[in-house]
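Please walk me through this structure, beginning with the chain as a whole and then turning to one strand and its neighbours.

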Amino acid sequence: MFTFPHPLYAIADTLGCAELSFLDLAEKLCVGGARLLQLRVKDLPSREFLTLAQQVRAVCRHYECLLIINDRADIALAIDADGVHVGQEDLPLAAARKVLGPQKIVGVSTHDPAQAQAAERGGADYIGFGPVFGTTTKATGYSARGLEQLREIRSLVRLPIVAIGGITTERAPSALEAGANAVAMISDLVLASDVAKKVQETLGVLQSRKT
């Protein structure tokens with residue numbers, strides 16, 4: 001069974017901020033200690049996305065960091081990424097697995113018990129669950145799920161769970177205590193004045209609390 005390298009699931013997303021760079025964020029996240037990184041890019045032409053993903057892949061290889069591509073199994077395959085993460089409205093799990101094969105990581109976003117159990121039955125390597133605390137970085141169409149439902153999901157599936165949605169360094173330990181194996185963080189990391197230092201700080205908090 002797949003296991004997360006450590007409790008932080010870092011997401012490189014510029015959040016539409018023109019002053020931020022995907023490649024720069026990836027480098028800083030890795031420098032800070034991230035060992036699993038998801039590249040989440042929206043509204044970029046496929047050719048440009050491919051070039052960016054190749055560059056980020058080189059950074060991740062240098063730092064021995066797993067690279068997950070959001071949504072695009074074709075891009076993940078083309079650059080030999082470690083895996084792909086798909087949402088409920090993206091390429092179906094079975095199709096993503098067919099594209100990437102059995103050796104790659106396929107994660108699935110879930111928002112309720114039925115979706116979580118379906119992902120497990122379908123052969124996902126891990127599930128994302130949320131938004132736990134709500135989110136401003138992605139229009140999910142779902143209200144905050146809360147820690148109680150995270151606990152319920154933990155009781156229903158054996159798959160590794162990454163909690164997502166409104167996760168901050170301060171809130172992260174409660175998500176781990178509720179059953180998540182890792183926490184996905186975006187805004188609290190990428191908007192920090194010193195991204196690498198924020199990652200180091202967050203890892204220190206998570207690793208001291210996670211048993």
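A contact here means heavy atoms within 4.5 Å. By that criterion, residues 24 or more positions apart account for 57% of the contacts in the protein chain with a separation of 6 or more. This is a predicted model, in which local features need pLDDT of at least 70 and side-chain atom pairs count only at pLDDT 80 or more, while totals for chains, interfaces and linings use all residues. Residues are numbered from 1 along each chain as its sequence is written, and side-chain values use heavy atoms, with hydrogens and water left out.

The protein chain has nine helices and eight strands, these being DSSP runs numbered from the N terminus (helices H or I, at least four residues; strands E, at least two). Of its 211 residues, 52% count as buried, that is, under 20% relative accessible area with a 1.4 Å probe and protein chains only.

Strand β3, residues 66-70, is mostly covered, with four of its five residues buried. On one side, four bridges join β3 to strand β2 (residues 36-39), the two running parallel; strands are taken as paired if DSSP finds at least two bridges between them. Within this pairing, Leu-36 has Leu-66 as its bridge partner in β3. Three bridges join β3 to strand β4 (residues 83-86), again in parallel, and here Ile-69 is partnered with Val-84 of β4.

Methods:
Buried < 20%, exposed > 50% of the residue type's maximum accessible area, 1.4 Å probe, protein only.
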